[in-house]
Amino acid sequence: MAKFVVTPANEAQRDAWLDRTVPAVERVRPGLWSIPVPIPINPLRYVLVYALELPDGVAIIDAGWNTDEAYDGLVAGLRVAGYEITDVKGVLVTHIHPDHYGLAGRIREVSGAWIALHPKDAALVHERYDDSAIDRLVEKERGLLVRAGVPALTLDELAGASMMIRHMVSMAKPDRLVEDGDRLDLPGWDLRAVWTPGHSPGHLCFVSESRRLLFSGDHVLAKITPIVAVHPQSGPNPLADYLDSLAAVRKFDVEEVLPAHEYRFLELAERVDYVMAHHDERLAEVEQAAQGLSCWDIATRLTWSRPWETIPPFMRRSANGETLAHLVWLEAKGRVRREAGEPDLWFATEG
């Protein structure tokens with residue numbers, strides 16, 4: 001597949017990503033600021049939090065995760081824009097992953113801001129982040145990994161791999177639930193919520209028709225593709241959800257895409273087409289590898305950004321989940337079949 005390179009909306013922001021540095025706080029448009037909030041010890045390095053000016057303060061899209069470094073970075077970025085953390089009136093969370101949702105509770109404690117989530121993600125908060133429920137989630141993950149064929153020696157490590165970042169979240173139930181198509185009550189803004197499940201069941205993008213902007217969260221990024229994986233909280237066919245969601249945002253007539261990572265860019269439709277083509281190629285590769293193997297064994301045979309042997313355990317679990325998402329999509333289309341067991345075995349069907 002020929003590589004497609006998007007046009008950065010700001011070359012300095014793009015160069016910072018490529019140079020593995022952190023971009024500057026930036027006034028993107030009148031009343032709109034981009035604030036990079038650091039993600040310590042993570043290859044993504046930062047979340048781009050967007051501050052939308054209101055008559056009495058600001059609303060922010062996403063928050064970063066709950067560390068002092070991230071909190072201080074957000075406070076400093078807001079000050080560049082002329083605001084204090086106490087001026088935050090609302091936190092629009094695109095999805096409940098720690099680097100987007102983690103600081104929301106701490107911000108609410110300081111400022112009294114409301115927190116908004118899609119109902120599908122709001123329903124997952126307790127099981128995902130409450131200490132009283134997390135053991136059940138780990139057991140569900142363990143059962144899924146057994147059926148995927150994960151080797152016994154690494155099973156416990158992979159089942160509990162998310163535990164290392166749970167403390168990056170300040171547990172906070174949302175104050176507001178945002179449904180697909182909802183108009184956000186933000187004076188001076190015409191934001192509309194677009195439900196884009198796949199990366200998470202309740203992922204939201206926000207579109208402004210008048211300003212021709214799409215705040216895309218993790219749904220559409222400039223260079224990388226988001227993880228779309230089967231896991232205990234994913235829903236039955238997350239890749240089908242994701243591809244449908246890509247089609248839903250492709251139709252928007254926007255001149256700029258504002259993602260949560262990397263850098264802002266211009267060509268929404270072309271980037272969506274490229275990501276869809278990438279998944280078509282991946283589906284064909286997975287289908288070809290499905291010759292009576294477990295999901296884990298198939299994953300070890302696929303093309304990744306680095307040799308399988310060098311991929312750390314947490315990322316191997318994600319790779320297994322992504323492989324399973326492609327297998328489930330192919331199964332729904334009748335292109336592969338599953339022989340249930342421990343592990344499940346996958347076979348390409350005869351065309």
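Let's start with Leu-327, which sits in helix 12, the stretch covering residues 313-332. Please keep in mind throughout that this is a predicted model. Leu-327 has a relative accessibility of 0%, so it counts as buried, the limit being under 20%. Setting aside residues up to four places away in sequence, Leu-327 touches Val-286, Ala-290, Cys-295, Ile-298, Val-336 and Trp-346.

Beyond its neighbours within four places in sequence, Ile-298 meets Val-286, Ala-289, Ala-290, Leu-293, Thr-323, Leu-327 and Trp-346.

## Cysteines

Cys-205 counts as buried because its relative accessibility is 0%.

How many disulfides does the model have? The count is zero, taking a pair of cysteine sulfur atoms within 2.5 Å as the test.

## Helix 7 against helix 8

Helix 7 (residues 134-148) packs with helix 8 (residues 152-159) at an angle of about 145 degrees, and their axes lie 9 Å apart. The crossing of this pair is right-handed. On the helix 7 side, the contact is made by Val-138, Glu-141, Arg-142, Leu-145 and Val-146. Helix 8 contributes Leu-155, Asp-156, Leu-158 and Ala-159. Sorted by class, the contact of the two helices has six nonpolar and three charged residues, with no polar ones.

## Arg-29 in strand 1

Strand 1 spans residues 26-29 and holds Arg-29. Not counting residues up to four places away in sequence, Arg-29 touches Arg-211, Leu-213, Glu-255 and Glu-256. A span of 111 residues along the chain lies between Arg-29 and Lys-140, and their C-alpha atoms are separated by 45 Å.

## Backbone features in the loops

Now for some backbone geometry. Most residues other than glycine have a negative phi, and most peptide bonds are trans. Arg-212 has a phi near 55 degrees, a positive value in a residue other than glycine. Its place is the loop between strand 9 (204-208) and strand 10 (213-217). Glu-262 also has a positive phi, near 65 degrees, and is found in the loop between strand 11 (256-259) and helix 10 (268-289).

Are these two residues buried or exposed? Arg-212 is partly exposed, because its relative accessible area is 31%. Glu-262, in contrast, counts as buried because its relative accessibility is 0%.

Which peptide bond is cis? The bond from Glu-342 to Pro-343 is, with omega near 15 degrees. Pro-343 lies in the loop between strand 13 (336-339) and strand 14 (345-348).

Definitions and conventions
Residues are numbered from 1 along each chain as its sequence is written. This is a predicted model: local features need pLDDT of at least 70, side-chain atom pairs count only at pLDDT 80 or more; totals for chains, interfaces and linings use all residues. Side-chain values use heavy atoms; hydrogens and water are left out. Axes are lines fitted to C-alpha atoms, for helices over the stretch in contact, and angles run from 0 to 180 degrees between N-to-C directions. Helices (H or I, at least four residues) and strands (E, at least two) are DSSP runs, numbered from the N terminus. A crossing is left-handed if the near helix is turned anticlockwise from the far one by less than a right angle, and right-handed if clockwise. Contact means heavy atoms within 4.5 Å. Ala, Val, Leu, Ile, Met, Phe, Trp, Tyr, Cys and Pro count as nonpolar, Asp, Glu, Lys and Arg as charged, and the others, Gly among them, as polar. Buried means under 20% relative accessible area, exposed over 50%, partly exposed in between (1.4 Å probe, protein chains only).
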